[in-house]
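This report is meant for someone meeting the structure for the first time. It begins with a question about one local feature and then widens to the chain.

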Amino acid sequence: MSVKQALLALLEQEPMYGYQLRTEFEARTGSAWPLNVGQVYTTLTRLERDGLVEPAGADDEGHEIWRLTAAGHDEVATWFTTPVARTQPPRDELAIKLALAVTVPGVDVGTLIQRQRSATMGALQDYTRLKRQADASTGRTDLAWSLVLDSLVFAAEAEIRWLDHCEARVRREATRSKPLITPARFERDEQEAGR
């Protein structure tokens with residue numbers, strides 16, 4: 001996620017101060033990606049350095065207000081009209097964990113997949129419940145939150161399908177080659193053999 005682009009897009013509406021930007025961002029995304037207010041101010045400093053925002057005075061309470069420069073308006077317009085690049089996928093901890101699990105001896109890959117599937121199903125149920133609540137509301141902010149929830153629901157559904165695929169591939173591989181011996185399976189096999 002680009003905090004820089006999100007802050008610029010919010011400032012497109014009107015000048016704001018840092019905490020206000022954080023609050024607006026979290027309201028529009030349903031706090032799915034919480035922002036640290038320190039990160040907001042650090043980003044604003046970088047945006048000022050890059051000539052995309054500038055100070056616009058202070059409000060009655062002394063908060064420093066930020067506004068877009070002409071270059072900032074151009075940057076927002078470019079961001080909204082440019083597709084998100086998929087050439088460098090983000091690191092996916094689960095994909096990395098499974099890739100390593102199938103190569104590290106002693107890891108019970110089946111249990112790993114089952115536990116992750118259960119956790120993802122729980123998250124999917126939570127997102128679906130929140131989606132029903134969001135769909136009952138009206139307004140632009142509710143629409144924004146509903147779209148974020150759609151994304152989370154689709155990602156969770158895709159993850160469950162992917163985990164099903166991984167489980168099937170691991171089982172097929174186990175039948176083709178030497179089965180993966182995990183500590184739990186080894187112990188169970190030993191008990192069944194009466195040793």
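How many residues lie between S1 and S2 in the hairpin that they form? In this predicted model, the two strands of the hairpin are separated by 5 residues, and within that turn Gly62 has a positive phi of about 90 degrees. The strands run antiparallel and are joined by 4 bridges, and Glu54 stands opposite Arg67 of S2.

The elements described in this report span the following residues.

| Element | Residues |
|---|---|
| Strand S1 | 53-58 |
| Strand S2 | 64-68 |
| Helix H1 | 3-13 |
| Helix H2 | 18-29 |

Taken as a whole, the chain has 8 helices and 2 strands, and their order along the sequence is α-α-α-β-β-α-α-α-α-α.

Two packed helices are described by the angle between their axes and the distance between the axes. For H1 and H2, the axes come within 10 Å and cross at roughly 100 degrees, which means that H1 is roughly perpendicular to H2. On the side of H1, the contact is made by Ala6, Leu7, Leu10, Leu11 and Gln13, while H2 contributes Leu21, Glu24, Phe25 and Arg28. Of the residues in this contact, 6 are nonpolar, 1 is polar and 2 are charged.

Turning to the chain totals, 26% of the 195 residues are buried, and the chain exposes about 13,000 Å², of which carbon and sulfur atoms supply 53%. Among contacts between residues at least 6 apart in sequence, 54% join residues at least 24 apart.

Note on methods
Residues numbered from 1 in each chain as written. Predicted model: local features only at pLDDT ≥ 70, side-chain atom pairs only at ≥ 80, totals over all residues. Heavy atoms only, no water. Pairing = 2+ DSSP bridges. Buried < 20%, exposed > 50% of the residue type's maximum accessible area, 1.4 Å probe, protein only. Contact = heavy atoms within 4.5 Å. Areas by Shrake-Rupley, 256 points an atom, 1.4 Å probe, with all protein chains shown as cover. Axes fitted to C-alpha atoms, helices over the stretch in contact; angles between N-to-C directions. Parallel < 35°, antiparallel > 145°, perpendicular 65-115°, else oblique. Nonpolar A, V, L, I, M, F, W, Y, C, P; charged D, E, K, R; others polar.
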